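Work through the exercises below with the sequence and the coordinates open. Try each task before reading its solution.

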There are 2 protein chains.
Amino acid sequence: MIGKLMQDRVLSGKKAVNELYRTGYYGRPKEDSLELTLVEAAYLLYKNKLDIELDNRILEFEEFFTEAAKRQQYFELKYIVYKDLRERGFYVQSGVTDFRVYPRGGHPGKAPAKSFVYVRSERIPMPLTDLLPSVNAAENVRKQMILAIVDEESDLTYYEVKKVNPKGKTDVIRPAGDLIRSTLLKDRVLVWQAAHAQYLHRNGFYGKPLDDERLQLSLVESAYLLNLGLIRIQNSDTGNDPGIDEFSLLASSIEPDFLRKYRAYADMRNGGLVPKTGFKFGTHFRVYADAVSLEKIPHSEYLVHTVAVDHVFMLPVMSRAVRLANSVRKRMLYAIGERDGMMYLDIGRIKM
Amino acid sequence: MIGKLMQDRVLSGKKAVNELYRTGYYGRPKEDSLELTLVEAAYLLYKNKLDIELDNRILEFEEFFTEAAKRQQYFELKYIVYKDLRERGFYVQSGVTDFRVYPRGGHPGKAPAKSFVYVRSERIPMPLTDLLPSVNAAENVRKQMILAIVDEESDLTYYEVKKVNPKGKTDVIRPAGDLIRSTLLKDRVLVWQAAHAQYLHRNGFYGKPLDDERLQLSLVESAYLLNLGLIRIQNSDTGNDPGIDEFSLLASSIEPDFLRKYRAYADMRNGGLVPKTGFKFGTHFRVYADAVSLEKIPHSEYLVHTVAVDHVFMLPVMSRAVRLANSVRKRMLYAIGERDGMMYLDIGRIKM
């Protein structure tokens with residue numbers, strides 16, 4: 001079988017439709033020819049199922065591979081992913097993202113594609129604004145969105161990316177009998193009275209006991225409780241009791257991401273979740289969905305990291321976050337503040 | 001027992017030497033008084049073993065705590081760590097770093113201190129140039145160096161930091177019969193001939209097979225082999241065969257950290273270790289110490305991340321790296337290029 005390299009395609013004759021498309025779903029049949037992408041052609045060349053001709057000369061694998069890499073951006077990455085998927089037994093076609101992948105046992109014409117695959121190199125930072133259109137495109141046609149990342153040694157990692165809407169079972173805390181008094185000391189807030197400390201800690205797991213009497217609240221916890229009207233916070237530097245706006249400004253000067261974190265924190269609390277610091281996991285929050293009683297704190301289900309809409313993912317950093325979350329049996333979520341609410345992106349490693 | 005708050009100390013009388021120092025090793029005995037740090041005094045106040053007087057008035061815990069936080073930087077962090085260590089049964093004294101901690105069963109006058117503890121907030125970036133003097137100070141007197149990190153919820157994580165000198169059992173690769181030909185295609189290098197590919201892969205686990213014939217090398221692997229005189233690399237863009245200097249420049253344009261990575265890579269290879277990409281773990285390398293045969297690749301022992309001498313640790317990021325390494329039973333090492341060689345800092349979580 002012979003194909004001709006024409007720009008970024010390889011064209012083969014009518015015979016190829018029968019021998020390559022009908023038996024292995026390579027390429028797209030045209031009127032009286034078969035059109036192959038460069039990665040399809042390279043894979044067929046490697047499998048000795050196709051010779052490729054340029055200027056009336058048959059190319060060696062090395063020549064074709066080098067030539068293809070010049071003609072198509074990220075050809076070598078796409079080839080690695082395509083070859084891997086084919087060798088795992090999937091039929092693969094080019095698509096809106098890099099590839100459409102058919103479910104096991106399915107093929108073009110029989111079943112619809114199951115997944116959209118988007119190929120990236122670990123070296124190339126991935127803007128959220130590049131990722132989201134692929135996620136949305138897949139979601140609109142109910143496909144699974146898969147990110148295939150090629151590392152410097154050409155090893156592959158597959159991630160599934162999806163929007164989720166996590167909810168929990170913890171009721172929003174109600175005001176206690178009296179307004180709870182607390183003090184902002186540098187970068188944390190202290191509740192001094194034992195009854196107050198217990199009320200906050202027992203009704204929603206706020207804060208952490210400093211000792212058997214006193215409780216420390218984080219800045220986001222304090223802001224949330226201040227906004228609900230449960231506490232007042234004395235600033236130990238000035239003696240004033242700031243309102244929520246002034247407190248937010250103060251907190252932002254201590255923690256530059258404060259407003260972004262607070263927005264996600266409040267959204268999760270309002271949805272019945274209990275977010276606590278994720279410091280030990282290197283994320284903003286670890287989040288409990290079933291925290292009903294203090295005596296029986298369950299396993300936290302999510303790690304949540306807030307990112308801005310213009311966030312650029314450094315893929316080694318993302319890889320580490322997801323790997324760590326999965327190694328402690330949690331889901332890794334990225335929380336993004338949109339105009340009319342929060343969006344949570346769940347990114348998890350998958351085996352194809 | 002009464003102590004007087006004087007600047008950043010609390011002074012108590014001779015009786016305190018007997019009742020506080022001799023029984024619990026609080027403070028430092030002076031001629032006829034006992035000098036307590038603010039954290040010691042706060043802890044004794046909390047334990048109802050000391051009243052603290054300022055301007056002829058006894059202070060409430062809340063008053064003293066707020067006052068101390070104004071008088072000493074990071075008082076509230078140090079208090080949390082001090083209290084935790086005392087309650088775990090350790091005797092603690094102030095020292096060159098924040099605290100000196102005595103071994104279990106030991107106390108001042110009986111045994112030398114075992115550890116130096118350095119307290120940091122997760123919020124405050126930690127320059128390597130701040131950490132290293134503490135590591136060196138501890139090492140010079142053969143103490144364990146412990147980093148105690150307080151997160152936003154006042155939870156504590158302890159890390160041991162030490163210099164290590166990892167070595168492995170893999171011999172440095174020798175030249176094959178002939179010079180191995182390869183091609184730089186964008187950001188990876190391909191070895192085309194099966195015999196060459198096998199030679200490199202079998203003698204030191206270089207590269208990753210693209211298929212049963214061809215091998216892909218990463219940039220650091222290629223530079224190392226080029227420098228050893230084993231391979232020549234054709235640049236597919238120009239047709240030239242760059243030397244090591246030109247290749248390093250090219251590689252640096254693809255990967256900004258290339259030279260730093262290459263220096264650590266070459267040092268580890270020369271020390272018998274096998275570094276492979278650590279992408280899946282979010283670090284520069286995963287490193288094998290016992291990689292002797294391709295048929296029996298062992299568990300990799302280290303994750304290694306190279307950092308510059310002016311590196312500033314973001315503690316949530318460091319926490320994640322260490323946590324992930326430990327969760328997959330590896331040690332997390334930071335590789336730092338010094339004037340006369342590489343230094344490896346091992347940072348691991350410990351339970352006190």
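**Exercise 1. In which order do the five strands of the open sheet in chain A lie, and what is the pairing?**

Ground rules come first. This is a predicted model, in which local features need pLDDT of at least 70, side-chain atom pairs count only at pLDDT 80 or more, and totals for chains, interfaces and linings use all residues. Residues are numbered from 1 along each chain as its sequence is written, chains are lettered from A and ligands numbered from 1 in the order in which they are written, and side-chain values use heavy atoms, leaving out hydrogens and water.

Step 1. Helices (H or I, at least four residues) and strands (E, at least two) are DSSP runs, numbered from the N terminus. Two strands pair if DSSP finds at least two bridges between them.

Step 2. Read the order. In chain A it is 15-16-14-13-17, and the pairing is mixed.

Step 3. Find the edges. Strand 15 (208-209) and strand 17 (231-235) of chain A each pair on one side only.

**Exercise 2. Describe the surroundings of strand 13 of chain A.**

Step 1. Take the parallel neighbour. Strand 13 (residues 180-185) of chain A is joined to strand 17 of chain A by five bridges. Within this pair, R181(A) has R232(A) as its bridge partner. L184(A) stands opposite N235(A).

Step 2. Take the antiparallel neighbour. Four bridges link strand 13 to strand 14 of chain A. Here L185(A) is the bridge partner of R188(A). The hairpin of these strands has two residues between them, and K186(A) takes a positive phi near 55 degrees.

Step 3. Check the cover. Five of the six residues of strand 13 of chain A are buried (under 20% relative accessible area; exposed is over 50%, partly exposed in between; 1.4 Å probe, protein chains only).

Step 4. Helix 7 (residues 219-227) of chain A lies across strand 13, strand 14 (188-191), strand 16 (215-217) and strand 17 of chain A. The helix runs at about 125 degrees to strand 17 of chain A. Axes are lines fitted to C-alpha atoms, for helices over the stretch in contact (heavy atoms within 4.5 Å), and angles run from 0 to 180 degrees between N-to-C directions.

**Exercise 3. Is S115(B) buried or exposed, and what does S115(B) touch?**

Step 1. Locate the residue. S115(B) sits in strand 9 (residues 115-121) of chain B.

Step 2. S115(B) is buried, at a relative accessible area of 3%.

Step 3. List the contacts. Not counting residues up to four places away in sequence, S115(B) touches F99(B), R100(B), V101(B), K143(B), Q144(B) and I146(B).

Step 4. Look at the side chains. Those of S115(B) and Q144(B) make a polar contact at 2.7 Å.  A polar contact is a pair of N or O atoms within 3.5 Å; within protein, one must be able to donate a hydrogen and the other to accept it, and residues adjacent in sequence count only if both atoms are side-chain atoms.

**Exercise 4. Which rotation superposes chain B on chain A?**

Step 1. Superpose by least squares on the C-alpha atoms of residues with pLDDT of at least 70 in both copies. The rotation is 180 degrees, with 0.0 Å of shift along its axis and an RMSD of 0.0 Å. The two copies are thus related as by a two-fold rotation axis.

Step 2. Find the residue of chain B closest to the axis. L324(B) is at 2.6 Å (C-alpha).
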